[in-house]
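Work through the exercises below with the sequence and the 3D structure at hand. Try each task before reading its solution.

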Amino acid sequence: MTDSAFLAPGEYIDSDHSAVREFARRHAKGNTDLERAVSLYYAVRDGIRYNPFLDFSTDKPFRASDTLAAGEGFCVGKAALLAACARAVGIPARVGFADVKNHLTTPALRARMGTDLFVYHGYTELYLEGKWVKATPAFNLELCQRFKVKPLEFDGREDSIFHPFDAEERRHMEYVADRGTHADVPAAEIQRVFREVYPPLYSLGKDAAKERFG
């Protein structure tokens, strides 16, 4: 890890935001970076409710501080928040993206998206004990329990990525394409792709708030 950008505030990974810094200070428990990273992972995973029905025509769903303020977010916003919290306590962090097929997506979300392919699924990468480790804080524990999906755990040493099968051994997540890692969220590019791939969902705009997930 040699790039200082992974410790510096970004437009979307705004680790210098006062609310983000306070959240990180409050939840970063332990004496080592690994221990602090693990505690921050669970704080973001379970403290911020997963919700994919957001107004993606604005920047807010992609920004860490806005996700924190809303108390909910989708995978990219939650990944940005975890990265911002890590940077706020001195842990290098970046965001990564992949296209995944969710074989257990809800009928309502599938209808709005028109597909079970989630493009630009976001996760966090943290630099711990000399290597980059993937952490996926998207689905909060309560949501996983409701849908009988295995919650993702994180120990700071092994990658935490979606399970291929759920708690009842049904096909769940399938990774189909890698979109690389970034020092900050490429929001404009994600918005462009969302407009092309999910026109019904993207066109909801402010009306997305009327939809409920889970």
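**Exercise 1.** The structure is a predicted model. Decide whether Tyr-120 is buried or exposed.

Solution. Start from the relative accessible area of Tyr-120, which is 7%. The cut-off for buried is under 20%. Tyr-120 is therefore buried. Last, look at its backbone: phi of Tyr-120 is near 55°, a positive value in a residue other than glycine.

**Exercise 2.** Classify Glu-129 by its relative accessibility and describe its backbone.

**Exercise 3.** Describe the surroundings of Asp-33.

Solution. Asp-33 is part of helix α2. Its relative accessibility is 32%. This value falls between the limits of 20% and 50%, so Asp-33 counts as partly exposed. Now list the contacts: leaving out residues up to four places away in sequence, Asp-33 touches Ile-91 and Leu-128. Within the chain neighbourhood, the side chains of Asp-33 and Arg-36 are joined by a polar contact of 3.0 Å. Finally, compare sequence and space: Asp-33 and Glu-129 are 96 residues apart along the chain, but 8.3 Å separates their C-alpha atoms.

**Exercise 4.** Compare the span of helix α2 with the expected span, then find what covers its buried residues.

Solution. Helix α2 covers residues 33–47, which is 15 residues. At 1.5 Å a residue the expected span is 21 Å, and the helix reaches 20 Å from its first C-alpha to its last, close to that value. Next, pick out the buried residues of α2; among them are Leu-34, Ala-37, Val-38 and Tyr-41. An α-helix has 3.6 residues a turn, so residues three or four places apart point the same way. The elements that cover the buried residues of α2 include α1, α4, β4, β5 and α6.

**Exercise 5.** Which strands pair with β3, and in what sense?

Solution. Strand β3 spans residues 93–102, and nine of its 10 residues are buried. Take β4 as one partner: eight bridges join β3 to β4, and the two run antiparallel. In this pairing Ala-93 stands opposite Leu-126. Then take β6, residues 173–182, which pairs with β3 over eight bridges, also in the antiparallel sense. Here the bridge partner of Val-95 is His-182.

Conventions
Residues numbered from 1 in each chain as written. Predicted model: local features only at pLDDT ≥ 70, side-chain atom pairs only at ≥ 80, totals over all residues. Heavy atoms only, no water. Helix = DSSP H or I, 4+ residues; strand = E, 2+ residues; numbered from the N terminus. Expected span 1.5 Å × (residues − 1). Buried < 20%, exposed > 50% of the residue type's maximum accessible area, 1.4 Å probe, protein only. Contact = heavy atoms within 4.5 Å. Polar contact = N/O pair within 3.5 Å; in protein donor to acceptor, adjacent residues only side chain to side chain. Pairing = 2+ DSSP bridges.
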